[in-house]
Amino acid sequence: MHLSWQVVVTLSVSAVLVHTAGNLAEASNERLTAQRTGALLLAQAPTAGEPTEPMEFNIPPQPLGSAITAFADQANYRLLVPSDMAEGRTTSGVSGRHTPEEALTLMLAGTGLGYRMTEARTMTLEPATLTSMPLPPAPLSQEPTPTNLNLQTQTTPKSVKVPEIVVKDVAERGYVVDESSSATRIPVPIEETPRAVQVVTRQVLDDQKVIRFSEALRNVSGVSQATTQGGQGGTFMIRGFASDLNVFKNGFRDDSTFGSRAQRDVINIESIDVVKGPPSYLYGRSDPGGVINQITKAPLKERYYSTEMIIGSYGLYRPQFDIGGPLNASKTLTYRFNGMYESAGSYRDGVYTNRIFLAPTIGWEAGSRTTFRFEGEYFFDKSPIDRGLVAISRGVAPIPITSFLGDPTRKSEVQHGKATLIMEHWFNDMFKWRSAFRAAVTKSGYSSLEGMGLLDPNGTFLLGRFEIPTTVQSHYLQNELHGVFSTGSIKHKTIIGIELGREVSSAVQFDDGFGGLGSTINIFNTNIRSFINEPLTKTFDTKQVNNVLGGYFGDHISLLENLHVHAGGRLDLFEQNLNDRFNSTSDSQTNRAFSPSVGIAYLPWKPITLYANYTESFAPQTAGARSATNSIFDPERGKALEGGVKLQAFDNRLRANIAVFDIRKKNVLTPDPNAGFLFSVQTGAQRSKGIEFDIAGKILPGWDIIANYAYIDARITQDNVFALGSRVPNSALHQGSLWTTYFFQEGVVKGFGAGVGMYAQGKRNGIFQCQDPTSCQDPFDLEGYVRMDAALYYRKQEIFDKTNVLAALNFTNVLGQRYFTGAQNFREIIYTGAPFTVIGSLKFEFH
């Protein structure tokens, strides 16, 4: 069965529809019993419709909610489940060949739940006291047992009301999710998580036709890509703090130094989770703004094949595919394979890009309690280093955004490989062991001719040439013990883990002395240029090795049904070793840090959550940084207070979050006033405070929305060079976005839809402002802007036999707004935003 039309059960409150189930019987204490006599003897017939045949089931021990989803997947049944009935329950699972009725009986054994058949292939779960379930079936080889003739009768039933969960179609993935594990590494309903968590779902990515990871982050308040590093991995702003340490994939570090060294793709991404505030209590070294965790697509138990062609402005040509399904009859071996090829020009003169991404995934249920998952990635990118435009006076130079101020024929090439193996084993219905290993290697050949500075008012721009071959690799191993249990009336979801890691970077730089050869280009007329191609000089050759050891723990405690506390922390040992092979010197330093976190979530009414948290972070200083006395610096430390309100509406189809925060970072390095810029002292500090609002979900059938707003005031509070009270670069006081789509639900226009959106940022500082203007470059501003986007859709189910079609036209920057996404600490590096762009896509799904 095609995944998009497969019926599953959603167990959290986001899909709850309360209604009266009808006068259900409440059984007496004297239960009706039954035994097998060659066929099940039931007090109440469990079937409605044709008898079902035995089939293979393989559902390992796990929380009951996910087990019911797996049962619906494997049995192709509809299940109606009371909204709070599955919460906090676990199952021992079921495996082997059974009828669906037998399998569900075994799976519910010991949970205190039963079921009744309401119609063909539809079951409703109820407390065991309300229904007479069949006894767990004996193994098929067992002899029948004689019937017990001493049967007792039930008392007269009285009516009760049972809230039920509406069965959802997988095709309606929507703009919200019910739970996330990124904030705690434990699956927890978002409304019970005492942190601001925003999730960009696959449906949002598809509707906006996002193909670059950075484009998806417009949907989260206070998050943006500050710089692209010339088209490499880039840095990201979260709550006013820029960092390349805050990006992860499936809980493994995916930063722009030891991980991704080209713009990230979303071809194999199922969702993007953004957890606000310091994340070091689980993820280790990071800046205090937050963490971005990419969740990849999982293997499929049902066959699914899709192929899509994307074409667009400036020669964009991108075929891609997504296929998956079982590899054996029992569906214990499954796979998923995503891939794409991209060839594209650009609005930037002479820029051409080629990309390939292949991502196979294999899932194996080795038994009823053990699963394995293997993920591979191969990524190739070939494109020029593009540093954008240059500043003149207090703003960006008045030249076309198409102007490429360098040599676009020089291209950097990146090849990236990654392999991940995850094993999970359930000891029983309370404890699970998870081991995960990730190895990654990237080879990049940085080659560029890029701006060093303006030489005269006529626009002569000095260019420097660089060749930097680099190899980076990382290996990480995580071992975790997960628990779900109760101590009296108090429920716990716990994690205890240890992470080992090793990162290695080897780089050699050849350059012309930062423009020493005299290559130039005129910014007002790029046809006036002089590119000098002479041999370069080797200027550095380094190898850096980082060793990581982290131990972490967390406990999500449900003191009451509406009161939840999370407490945890992580102890890190981080060793840096820098070998300067060019100067024959070496340097080493070790940092130790403990990062705690505590939070509380209170639900005074079911649709409302009040929450607060306190968290800390740490980030080691750059390897090799030294004071005038050659002492080692402490890591940067961050502390954050956050409070907020979460709201759920329309049966939890619509979610909103309002957060207020105050974050302070200390131990920031600043130049030593007594020793010049060659040495540093650790007196710098920054502070960010603000308010954020996010909303996402379904307003009416066919009408979805995702929107956000952030007011962020991030400033320098202590420094020897930068002006106290000045705002940090690339951080706007005001930032927000809106995206909404509507699909017609009936009539001749059914399947047609449209979308409209906007993205806005206020004025930003381009670079840090200095106490002594002669100590820094002249400051400049990046003006605020509003970008408008739109889309048109057509989606048709079963346009051919077992074939669906999805067509779309996406329009970006429909008003042709001139804008700039960020600057990279220099007047010579200002990144441009794309002008009016059209992307067309046609996708076929086969099942």
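## Close-up views of a predicted model

View 1. Helix α2 is a mostly covered helix. Helix α2 runs over residues 100-108, and eight of its nine residues are buried. Keep in mind for this and every other view that the model is predicted. The largest nonpolar core gathers 26 residues. F213, L217, I272 and I292 are the members that touch the most other members. Several elements each supply at least two residues of this core: α3 (202-208), α4 (213-216), β16 (235-238), β20 (269-276), β43 and β47 (785-800). The biggest giver is β20, with three residues. For a look at one member, pick L217: leaving aside its neighbours within four places in sequence, L217 is in contact with V223, F236, I272, V274 and I292. There is also a second, separate core of 23 residues, and L64, A70, F71 and M117 are among its members.

**View 2. Five strands make an open sheet.** Read across, the order is β14-β20-β21-β18-β19, and the pairing is mixed. At the edges sit β14 (197-201) and β19 (252-253), each of which pairs on one side only. Strands β14 and β20 run antiparallel to each other and pair over five bridges. If you want a spot to start from, find V197, which stands opposite V275 in β20.

**View 3. Strand β43 is largely enclosed.** Seven of the ten residues of β43 are buried, so the rest of the structure largely encloses this strand. β43 pairs with β42 (residues 703-718) in the antiparallel sense, over nine bridges, and here Y711 stands opposite H734 in β43. β43 also pairs with β44, again antiparallel and over nine bridges. In that pairing, F743 has G753 in β44 as its bridge partner.

View 4. The patch covers about 670 Å² and is made by L700, W703, Y742, F744, V748, V749 and F752. Zoom in on V749 and you are in the loop between β43 (734-743) and β44 (752-761). V749 has a relative accessible area of 35%, which puts this residue in the partly exposed class.

View 5. L421 lies in β29, which spans residues 412-426. Its relative accessible area is 43%, so L421 counts as partly exposed. L421 and E375 are 46 residues apart in sequence, while their C-alpha atoms are 6.5 Å apart in space. Leaving aside its neighbours within four places in sequence, L421 is in contact with R373, F374, S435, A436 and F437.

View 6. D254 and R264 are ten residues apart, each in the loop between β19 and β20. Both of these residues are buried.

**View 7. E561 and K491 tie together parts that are 70 residues apart in sequence**. The closest N and O atoms of this salt bridge are 3.2 Å apart. E561 lies in the loop between β35 (537-560) and β36 (563-580), whereas K491 is in strand β32 (residues 490-511). E561 is exposed, with a relative accessible area of 54%, but K491 counts as partly exposed at 27% relative accessibility.

View 8. In the salt bridge between D713 and R715, the closest N and O atoms are 2.6 Å apart. D713 counts as buried at 13% relative accessibility, while R715 counts as partly exposed at 29%. Elsewhere, salt bridges that share partners join R212, D265, R318, E342, R355 and D381 into one network.

Methods: Residues numbered from 1 in each chain as written. Predicted model: local features only at pLDDT ≥ 70, side-chain atom pairs only at ≥ 80, totals over all residues. Heavy atoms only, no water. Patch = residues over 30% accessible without salt bridge, like charges linked within 9 Å, V, L, I, M, F, W, Y side chains within 5 Å. Areas by Shrake-Rupley, 256 points an atom, 1.4 Å probe, with all protein chains shown as cover. Salt bridge = Lys/Arg side-chain N within 4 Å of Asp/Glu carboxyl O. Helix = DSSP H or I, 4+ residues; strand = E, 2+ residues; numbered from the N terminus. Buried < 20%, exposed > 50% of the residue type's maximum accessible area, 1.4 Å probe, protein only. Core = buried A, V, L, I, M, F, W, Y, C linked by side-chain atoms within 4.5 Å. Contact = heavy atoms within 4.5 Å. Pairing = 2+ DSSP bridges.
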